[in-house]
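Let's take a walk through this protein together. Have the picture open beside you, and look up each part as we reach it.

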Amino acid sequence: MYNERDLEEFSNARNLMKMLKNYTDFNEHTLDVTFHKGESFSRMEAHRYCYLVKEGYFKVNNASEQGDHFLMLMEAGHILFFPLYYSVIFNDLVATALSEAQCLRIESEFLKKVIALEDPHNNLMLRYLTQVSRKFYSAIALITLSSKQRVIYTLIELVDTFGRHTKAHEIELPSFVNYETIAEFSRCSRSYTISVLTTLRKQNIISSKKSGWIVLDEKLLRKEDHGQKNEYR
């Protein structure tokens, strides 16, 4: 078993950068890149690279013949397209910047070499798997819920992951949060999502303006989630 705090201490983005910069060929195998809002790239297109997110947010979708489905959100400190396997490559994955984002592009082979030499206990890989497993747990939990539950659950996930407390019970959400993104993340139609969010706004639980989305009463939002779960038992 691993202590989460110890795992975080040894495998955070700051320590990864230190490990990478210990090598004199660091600049030959890495590059600072900027992605503009809406800019996408696929795992297939970027097969030689992975990306350490330094600033901004990304969504990762599975784009296959069966459709384009949202999987997870990635923020600063996470690695996009971590080279986990030598043979299995998930070419259907597509990352899209939800805001202007700064990343360090790392050649996958260089990262593998550094990890093999500097991280014999695979702390970086374990942390990556922990992050991804949590996101997939949320995705699995989401599909078991009713439509209204999914919208509320998505809001709470955004609060827990990205929310910034501005007052006692008020939480500011990132700039990428809007009707379209909540509808996509909750796997509901835009029209239905708007109807649920309109009700929450009338109850003074959320405020949705062009200047930004705010959860006005976190406790009421969580009560609404609890009430919906009881309703469908």
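## The chain as a whole

Two residues are in contact when they have heavy atoms within 4.5 Å of each other. Among contacts in the protein chain between residues at least 6 apart in sequence, 72% join residues at least 24 apart.

Before going further, a word on the model: it's a predicted one, where local features need pLDDT of at least 70, side-chain atom pairs count only at pLDDT 80 or more, and totals for chains, interfaces and linings use all residues. Residues are numbered from 1 along each chain as its sequence is written, and side-chain values use heavy atoms, with hydrogens and water left out.

The protein chain has nine helices and twelve strands. These are DSSP runs numbered from the N terminus: H or I with at least four residues for helices, E with at least two for strands. Of the chain's 233 residues, 48% count as buried, meaning under 20% relative accessible area with a 1.4 Å probe, protein chains only.

## A four-stranded sheet

Strands of a sheet pair through backbone hydrogen bonds, either parallel or antiparallel. Here, an open sheet of four strands has the order β2-β7-β4-β5, and the pairing is antiparallel; two strands pair if DSSP finds at least two bridges between them. β2 (40-42) and β5 (67-75) stand at the edges with a single partner strand each, so one side of each has no neighbour in the sheet.

Now zoom in on β4 (residues 57-64), which is joined to antiparallel β5 by eight bridges. Ala 63 stands opposite Asp 68 in β5.

## Two helices crossing

How do the axes of α2 (residues 13-21) and α4 (residues 108-118) cross, and at roughly what angle? They come within 10 Å and cross at roughly 95 degrees. The axes are lines fitted to C-alpha atoms over the stretch in contact, and angles run from 0 to 180 degrees between N-to-C directions. α2 and α4 are therefore roughly perpendicular to each other, a label for angles of 65 to 115 degrees.

On the α2 side, Leu 16, Met 19 and Leu 20 meet Phe 110, Leu 111, Val 114 and Glu 118 in α4.

## A closer look at Ala 183

Is Ala 183 buried or exposed? At 5% relative accessibility, Ala 183 counts as buried. You'll find Ala 183 in helix α7 (residues 179-186).

Leaving out residues up to four places away in sequence, Ala 183 touches Cys 188, Ser 189, Arg 190 and Thr 193. Thr 154 is 29 residues away along the chain, and its C-alpha atom is separated from that of Ala 183 by 9.0 Å.

Definitions and conventions: Buried means under 20% relative accessible area, exposed over 50%, partly exposed in between (1.4 Å probe, protein chains only). Angles under 35 degrees count as roughly parallel, over 145 as roughly antiparallel, 65 to 115 as roughly perpendicular and the rest as oblique.
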